[in-house]
Amino acid sequence: MRDELNQIGLIIFAMAVNIFLAGAVAAQTNQGGESPSQKYFTDVVLMNQYGQPMRLYTDLLKGRVVVINTFFTTCTSVCPPMTHNLTKVQDALGDRLGKGVFIISITVDPLTDTPAKLKEYAAKFKTKPGWYFLGGKKENVEFALSKLGQFVEARDDHSTVIIIGNEPTGLWKKAFGLAKPDALIEVVNSVVNDKLEPAK
């Protein structure tokens with residue numbers, strides 16, 4: 001049942017991507033206002049592992065390729081191996097990490113996972129600049145997770161699906177976070193290397 005609900009959530013997320021993001025490349029309003037992706041994701045504020053506020057769209061997604069997963073620091077089952085897999089992605093990205101490509105890990109237990117806890121967890125896995133561990137106000141985190149199709153009522157039910165998105169081109173894919181690192185890296189690279197079609 002949980003797997004079925006996860007699949008439904010992914011379908012809903014994919015529909016949202018098609019509606020709000022596919023045309024976001026040149027879809028500024030006539031007055032130069034918000035793009036469809038900004039309207040969808042909003043600038044709800046999260047808090048990173050350094051205690052710094054970050055807006056979901058403007059600071060985390062806009063103009064970037066992002067690799068997004070959910071976790072919580074006291075998890076002893078799927079979170080450590082999934083985070084370990086992402087360290088392999090981090091290594092494969094090399095100098096691109098933090099320069100147009102970012103890894104975003106959002107806690108599903110924001111009441112426990114303070115910035116200090118997130119920083120400690122990040123250090124445990126030897127993460128590098130360009131990888132953000134995010135928490136913040138419970139209602140803000142839950143809102144952000146719902147926009148990403150990753151909200152769950154119970155933290156142990158969080159998804160092992162990783163979302164990889166290229167905000168400038170509108171290409172978004174998903175991958176199993178516990179897959180072999182090489183397979184995960186291949187999906188990430190396919191999104192990183194996506195390019196805008198020349199305007200006709």
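Predicted model: local features only at pLDDT ≥ 70, side-chain atom pairs only at ≥ 80, totals over all residues.
Residues are numbered from 1 along each chain as its sequence is written, and side-chain values use heavy atoms, with hydrogens and water left out.

Strands here are DSSP E runs of at least two residues and helices are H or I runs of at least four, numbered from the N terminus. Two strands pair if DSSP finds at least two bridges between them. By that rule β3 and β6 (residues 161-166) run antiparallel, joined by four bridges. β3 also has β4 (residues 101-107) as a parallel partner, with seven bridges, and there Ile68 faces Ile104.

How do you get from β3 to β4? Through helix α4 (residues 79-93), in a right-handed β-α-β unit. Right-handed means that, with the strands pointing away from the viewer, the path from the first strand over the helix to the second runs clockwise.

Now look at the side chains of β3 itself. In a regular strand they alternate between the two faces of the sheet. Val65, Val67, Asn69 and Phe71 point one way, while Val66, Ile68 and Thr70 point the other, and all are buried. Buried means under 20% relative accessible area, exposed over 50%, partly exposed in between (1.4 Å probe, protein chains only).

Cys75 is buried too, at 6% relative accessibility, and so is Cys79, at 0%. As for disulfides (cysteine sulfur pairs within 2.5 Å), the whole structure has zero.
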